[in-house]
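Open the model in your viewer and keep the selection panel at hand. The stops below are given in the order in which to select them.

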Amino acid sequence: MRETRRTHRDGVASYDTWDPRAYLRQYYATIGSDEQANARFARDMLGGWERRFATALEFGCGPTVHHAAMLAPYVDSLHVADYLDANLVEVQRWLREDPTAHDWDRYFAEMLAEEGAPHVEAAVAVRVARTREVIKATIRGDIRRAAPLGSTATYDLVASYYCVEAVAGDLATWARHLGNLTRLVAPGGALLLGAMRRCAGYRVFERTYPAVPVDEADFAATLLELGFASEHTAIRVVPATDLIEEGFDSICCVFARRGG
């Protein structure tokens with residue numbers, strides 16, 4: 001049995017203090033090395049599979065839309081889910097083109113450059129329109145529940161970034177929550193993840209929020225236990241040294257296909 005590692009929580013903030021606008025200002029004015037890696041990984045895994053996904057879910061979207069934009073070329077219908085209503089409000093602002101919404105254009109341009117898109121400026125408008133087109137619903141979810149969306153719905157593609165490790169208090173709870181997430185993956189579907197690696201807490205300006213330190217070995221072992229065969233699982237460790245002051249220096253990018 002794998003060891004249970006506790007998160008160090010002394011001096012960390014609870015999500016009752018969460019400020020979506022502060023988070024957006026800190027992390028999403030320009031693209032960081034972690035999200036450059038996430039964009040390349042999504043392109044490699046989803047583009048390389050040569051499959052479109054009729055239904056997709058991004059779980060734990062936070063107040064952001066950039067991961068939805070990474071998925072948009074490969075999906076027909078996308079639901080985005082989060083626990084905090086304040087995060088969903090930020091997403092909804094962007095969807096309805098509210099002038100007070102976070103401006104993602106520069107970020108999208110840098111993301112598209114990482115994907116290798118030619119004529120980036122023109123591509124931004126296309127990707128913005130496509131992302132707004134494919135997002136069909138913003139819904140509330142709770143990863144702590146066995147049915148995180150409160151239903152038995154499943155999706156051809158389930159994506160989640162920096163979510164599961166930011167909710168659990170220890171490794172055993174993280175594994176249980178990851179199991180809850182994988183129940184949302186339909187037979188024959190796929191799971192796409194990005195996670196802070198070996199991170200006990202991440203900073204948003206003056207506040208530090210807790211995380212469970214997980215790494216590639218934890219993903220490999222837990223996904224195998226959850227029924228994802230190792231030959232259908234890809235895990236990429238990517239340095240993110242520009243984020244050391246925020247609490248982590250690398251990420252795990254994970255892709256796993258479910259049999260069925």
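In which loop is the place of S151? Select S151 in this predicted model: the residue sits in the loop between β3 (135–140) and β4. S151 counts as partly exposed because its relative accessibility is 34%, between the limits of 20% for buried and 50% for exposed. S151 and M45 are separated by 106 residues in sequence, and their C-alpha atoms are 28 Å apart in space.

Next, select C163. This residue is in the loop between β4 (155–161) and α7 (171–182). Is C163 buried or exposed? C163 is buried, because its relative accessible area is 10% and buried means under 20%. Show the surroundings of C163: with neighbours within four places in sequence left aside, the residue is in contact with F59 and G60. C163 and I143 are 20 residues apart in sequence, and the distance from C-alpha to C-alpha is 8.7 Å.

The next stop is a pair of helices. Select residues 33–49 for helix α2 and residues 105–115 for helix α5. Their axes are 9 Å apart, and the two helices pack at an angle of about 50°. The crossing of α2 and α5 is right-handed.

Which residues of α2 and α5 meet? Display the side chains of E35, Q36, A39, R40 and R43 on α2, and those of Y107, M111, E114 and E115 on α5. By type, the residues of this contact between α2 and α5 are five charged, three nonpolar and one polar.

The largest nonpolar core has 61 residues. To find the residues with the most contacts inside this core, select V75, L78, F108, L157, L192 and Y202. Helix α2 supplies the largest share of the core, seven residues. In soluble globular proteins, nonpolar side chains tend to be buried together.

Centre the view on F108. With neighbours within four places in sequence left aside, F108 is in contact with V65, H66, A69, W94, V124 and V128.

Last, select V158, A168, L171 and V254. These residues are included in a second, separate core of 28 residues.

Terms used: Residues numbered from 1 in each chain as written. Predicted model: local features only at pLDDT ≥ 70, side-chain atom pairs only at ≥ 80, totals over all residues. Heavy atoms only, no water. Axes fitted to C-alpha atoms, helices over the stretch in contact; angles between N-to-C directions. Helix = DSSP H or I, 4+ residues; strand = E, 2+ residues; numbered from the N terminus. Left-handed = near helix turned anticlockwise from the far one by under 90°. Contact = heavy atoms within 4.5 Å. Nonpolar A, V, L, I, M, F, W, Y, C, P; charged D, E, K, R; others polar. Core = buried A, V, L, I, M, F, W, Y, C linked by side-chain atoms within 4.5 Å. Buried < 20%, exposed > 50% of the residue type's maximum accessible area, 1.4 Å probe, protein only.
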